[in-house]
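Please look through the structure below before reading the questions and answers that follow.

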Amino acid sequence: MAKVFFCPHFVLTYEIKDVSETISDRFQNLLIKVSEKTKQRCVVLIDEYDKPLLELVDDPERQEHNKLVFKGFFSNLKSCDAYIRFVFITGVTKFHKVSIFSDLNQLNDISLSDDFAGICGITEEEMVRDFEPEIKALSEKQKIEHSECLNTLKQEVKYGFLNSILPTYIPAATEVNGLDIFSIEDYIANGNLDRIKDFLTALFAQIPYTTNDAPFEHYFQSIIYIVFTLLGQYTVCEMQTFNGRIDCKVETDRFIYLFEFKRDKSAENALQQINDKNYALAFIADQKKLYKIGVSFDSEKRILSEWKVVE
């Protein structure tokens, strides 16, 4: 590996006399020397840490080499903790999915934290504070009110992201066919029971069967559990209550869905069990809207045959 030299300023200012061959050793020595010289702990800022990896996505061998170099480099952030006050790392790849950070278990991912939501881009407060003359000029030019002009600017950012950027990276988001993850997520979040029924009916109808064994009730239950869980919904199967077990409970910010499944029995029979066992009692204090759903599966035709809902 080629030697890595620090700029003369660092060498002279902090009296660095290091002949180490590796980047990690030289970086460690730099942190220690700077801290000792200044009597202060270091602040380490690393911008676009993943750029050398993303640029080599089509060259796995060189990318793997860079990962090993980075791993040694970043491992010093933990071993030199006594000399470091603060570390800030930016990039577009989640650090917990990258092996180069395996030694850094003290990092906090703030990507989706509300406390740091304004760290990138521009907030409305900043826009009004820093661009007031431009906003005023634009509103006068367009002959619209100041508030309408500001709202138009915000909407342009929103639609620019949704209509231009998002479709480029997530094409499926604009090509929904009713049997995709975006559709079912929308149906569940908005309490659209008819569309949820249509989605599950179509889903089971399209599953190929390679065995003549009759599918059991738990087979259907497991598929529904997997679908809802992958959507990030709070899902519990065989939930224990004071008087029995709920086949499946799905909970969102606004709704609670209680499912009871029956094989070769009516959906009415399934609803009857929910009522007889008083499953909804456990959620009587919850302000969310609750739906009791009876689902019947036909084991011979291998389809979702009946669906009934009671609020």
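A disulfide is a pair of cysteine sulfur atoms within 2.5 Å. This is a predicted model, in which local features need pLDDT of at least 70, side-chain atom pairs count only at pLDDT 80 or more, and totals for chains, interfaces and linings use all residues. Residues are numbered from 1 along each chain as its sequence is written, and side-chain values use heavy atoms, with hydrogens and water left out.

Q: How many disulfides does a search of the whole structure find?
A: For cysteine 80, the closest cysteine sulfur is in cysteine 42, and the 8.6 Å between the two sulfurs is too far for a bond. Over the whole structure, the number of disulfides found is 0.

Q: Is cysteine 80 buried or exposed?
A: Buried means under 20% relative accessible area, exposed over 50%, and partly exposed in between (1.4 Å probe, protein chains only). Cysteine 80 has 1% relative accessibility, so the residue counts as buried.

Q: Which residue forms a salt bridge with aspartate 198?
A: A salt bridge is a side-chain nitrogen of Lys or Arg within 4 Å of a carboxyl oxygen of Asp or Glu. The closest N and O atoms of the pair are 3.1 Å apart, and the partner of aspartate 198 is arginine 195.

Q: Which residue forms a salt bridge with glutamate 268?
A: Glutamate 268 is partly exposed at 39% relative accessibility. The closest N and O atoms of the bridge are 3.3 Å apart, and the partner is lysine 308.

Q: To what count do the salt bridges come?
A: One of them joins the side chains of lysine 51 and glutamate 55, at 2.4 Å from N to O. By the rule given above, the count of salt bridges is 9.
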